[in-house]
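Subject: Structure handover

Hello,

My notes on it come after.

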Amino acid sequence: LIQVEDDRTGLSVETLKRALADNLFYLQGKFPGIATKHDCYMALAYTIRDRLLQRWLNTSQTYLNCDNRVVVYLSAEYLLGPHLGNNLINLGLWEPVKQAVEESGLNLEELINIEEEPGLGNGGLGRLAACFMDSLATLEIPAIGYGIRYEFGIFDQEIEDGWQVEITDKWLQLGNPWEIARPEAAVLVKLGGHTESYTDEKGDYRVRWIPNNLVKGIPYDTPILGYKVSTANNLRLWKSEAAESFDFQRFNMGDYYGAVQNKVTSENLTKVLYPNDEQLQGKELRLAQQYFFVSCSLQDMIRIHLADNPSLENFHEHFAVQLNDTHPSIGVAELMRLLVDEHHYEWGKAWNITQATFSFTNHTLLPEALEKWSLPLFSQMLPRHLEIIYEINQRFLDQVRIKYPNDGDRLAQLSIIDEAGEKWVRMAYLATVGSHAINGVAALHSQLIKETILKDFYELWPEKFSNKTNGVTPRRWLVLSNPRLSNLISSRIGEGWIKNLDELKQLEPFADLAGFRQDWRQVKREVKQDLAHYIKAQSDLVVNPDSLFDVQVKRIHEYKRQHLNILHVIHLYLQIKNNPNLEISPRTFIYGGKAAPGYFIAKLIIKLINSVAEVVNNDPAIGDRLKVVFLSNYNVKFGQKVYPAADLSEQISTAGKEASGTGNMKFSMNGALTIGTLDGANIEIREEVGAENFFLFGLTTPEVEKTLAAGYQPWEYYNNYPDLKAVVDLINSGFFSHGDTELFRPLMDSLFGHDPYLVFADFQAYVDCQHQVGEAYKDQENWSRMAILNVARMGKFSSDRTIREYAEDIWAIKPVVIELED
Ligand code: 26V
């Protein structure tokens, strides 16, 4: 072997050290003496990427050479989190790399911490896509993830005077060592303009689309390595650029500024991720983003397919495409357009291919979150797609008419076009009609889909509907984020659980061993100490690692009810004030989460939490019985610190509103107990860990519906529950706002006036349940027992299990083993 190859693939500590120094010099252009920590991080990242490349290339070669099926995950979001640590875990190189880094005078944890995470998602949906990519590779399933390479991901959050401030996320500023641009594989995407019909050489009627804008998509590829396998699947993210040819035309006509304008508009397409929880209607850039990445991806798939197939007839046998919510659902119309207009397939044939290709996952039932695009906007940007959607709709409704003659209401309810008032294209309906399988993300949610938003579709095609309960990857969310607990687990039951999470079951008998419980508490204590240091560094607050760490981290939304949580904090504060010698389990309340920039009430909830924190943390009468902290900029990196340190996981959404939740799984997997409602995957977590190891409270979904239907009266709860009244009165008195009685009025008005999330209705049950939590925490032996049993029974919530179910029930796909020869 020649030296160069050895430096790029070798795994010995000596080789790794040499590679590190080499990359620092030749890629960063620095001597150790002048290198910044970031330079060192880059050098290490390239060292690891070199060791991934063989696997990555072998994987794509293998997929090209054998005619296996490939899963295509189409997602507008991937919330990946930092790559370096994860790749070290999955490569099994943590130890030698740590040694090489240390012998080079550096610190591995510090370098890992430098990585700026790709925040290319909002929250649950984007993080799920990232966990799925990890599991697909680990299960050796051929897969491509397609998405958007946003230049600015989810904004960074700072807290000023208790308020959220948004800062642009410049994650690419210092370079991204994990991606490789592939400009040679660029594709063109049309936008706007009009359509024309014509008759082709064979005399067939056809339509062509004359766009008024052309955008180029450049793919950027990132390897996604499986855990201790040689599979490294590709994540291909598209960046938009101006299509030169288009500029040139304008330039020739003398419209130089028009050409530059066109370039700017084209490049803007993939600039920024839209925060969700924001009204999207009318945001035409968002629709353009969706169409752009879907068209790029489908064209790329067609190119790959035609490279070794004579036609697109068997396209659906090659690719199983999963639509991650409705964001890529324009793909249904786009594939039809490509097949019918560009490849001249007959409509019926094209439709069969399309339906056999797509399947659709719904991730929310909130009516305001269901995507719909106004007809005028749609026809202006995608005139041909609108025609195709009309045709799809007409043929679909003809089918409905046969099954339900003379049922005009049903037709209007099922129509892809909402024509009740202003006209809209209902994207969930397009995705449903264009797919052969539709699923929800937890048992309750999948049931509710069938009863509510897609009820009429379920009556038509019950066989298309199924549930796929979400999961999370134990590699990032346990092995990487919580090495202490992982090592303790492995010391007793081996390492098999990392790939087969059901093996955690073997921990059950250890729950009864006092020595093991002692070790367990020791680990938890150390991890909490780490978080306490982080809290001190970030907010200068000293918290007691022996207090109960009560954590709620997730996007801020009224349905997730962070305000219910803070009402409980105020209640405890009042209890202590009224009874100064009260003996309660000391608690540290930890919050984190971003509010959508335009979501005023969510921002006010953040302000309330911070205002309560200021009072409680500085009241000498409280001592260290209560501490409240809002940690800014909750993201994947911070999640990795906080889940391991939690004692109590807050999963308190109004029943029926949280489709699944995945944070709930990360907490339990790390040994936190849950206080939660019967919502989303909480229900299944409770089933698995046992009702006796779960703190349940609150109205059920049918009770929520009944309460709302009966005309919910918040005032009655206020008048009938003195604890609630005392808390509300204290806020309204201006106690947490330096005497300002107006500051929190909009929040209070909404709780009293119009609160579909029933905060007051669940308040007393929540407080009572929290009281049980506090009492239970006093018995540390039993608490440890419950925590161990939670972890032991979390096998179901590995995303490996979820992906196996998709692979079997929806994709009909089998693993392909990648050989690593050298
Ligand atoms: C979007 C919007 C937009 C308009 C205003 C309100 C609103 C609220 C939520 C959303 C996000 C919808 C999609 C989503 O992220 N769903 C999440 O998906 C996770 C993965 O399946 C799941 O665990 C979460 O429960 C679900 O909220």
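This is a predicted model: local features need pLDDT of at least 70, side-chain atom pairs count only at pLDDT 80 or more; totals for chains, interfaces and linings use all residues.

Domains

The protein is divided in two: domain 1 takes in 67-81 + 117-469, and domain 2 runs over 478-797. Between the C-alpha centres of domain 1 and domain 2 there are 36 Å. The contact between the domains involves 36 residues of domain 1 and 34 residues of domain 2. On the side of domain 1 that touches domain 2, the elements giving two or more residues are two helices, H7 (124-138) and H18 (443-451), and two strands, E5 (156-160) and E6 (163-167). That side of domain 1 is made up of 14 nonpolar, 15 polar and seven charged residues.

Ligand

The ligand has 20 residues around it, and those that come nearest are Gly 124, Leu 125, His 363, Ala 369 and Ser 660. Sorted by class, the shell holds ten polar, six nonpolar and four charged residues.

Helix pairs

Two packed helices are described by the angle between their axes and the distance between the axes.

H3 and H4. Helix H3 covers residues 37-65 and helix H4 covers residues 84-91; their axes are 11 Å apart, and the packing angle is about 40 degrees. The two helices are therefore oblique to each other. The crossing of H3 past H4 is left-handed. From H3, the residues that meet H4 are Leu 44, Ala 45, Ile 48, Arg 51 and Leu 52, and their partners in H4 are Leu 84, Asn 87, Leu 88 and Leu 91. By class, this contact of H3 with H4 has seven nonpolar residues, one polar and one charged.

H23 and H30. Helix H23 (residues 562-578) and helix H30 (residues 722-732) cross at roughly 100 degrees, and their axes come within 9 Å. This angle makes H23 roughly perpendicular to H30. H23 contributes Leu 567, Ile 570, His 571 and Leu 574 to the contact, while H30 contributes Asp 723, Ala 726, Val 727 and Leu 730. The class count for the contact of H23 with H30 is six nonpolar, one polar and one charged.

H21 and H22. The axes of helix H21 (residues 483-493) and helix H22 (residues 514-539) also come within 9 Å, with a crossing angle of roughly 165 degrees. How is H21 oriented relative to H22? The angle makes H21 roughly antiparallel to H22. H21 passes H22 in a crossing that is right-handed. Arg 484, Leu 485 and Leu 488 are the H21 residues in this contact, and they meet Asp 519, Trp 520, Val 523, Glu 526 and Val 527 of H22. Here the contact of H21 with H22 has five nonpolar and three charged residues, and no polar ones.

Regards

Terms used: Residues are numbered from 1 along each chain as its sequence is written. Domain bounds come from an automatic or database domain assignment. Two residues are in contact if their C-beta atoms, placed from the backbone, lie within 7 Å. Helices (H or I, at least four residues) and strands (E, at least two) are DSSP runs, numbered from the N terminus. Ala, Val, Leu, Ile, Met, Phe, Trp, Tyr, Cys and Pro count as nonpolar, Asp, Glu, Lys and Arg as charged, and the others, Gly among them, as polar. A residue is near a molecule or strand if its C-beta atom, placed from the backbone, lies within 6 Å of it. Axes are lines fitted to C-alpha atoms, for helices over the stretch in contact, and angles run from 0 to 180 degrees between N-to-C directions. Angles under 35 degrees count as roughly parallel, over 145 as roughly antiparallel, 65 to 115 as roughly perpendicular and the rest as oblique. A crossing is left-handed if the near helix is turned anticlockwise from the far one by less than a right angle, and right-handed if clockwise.
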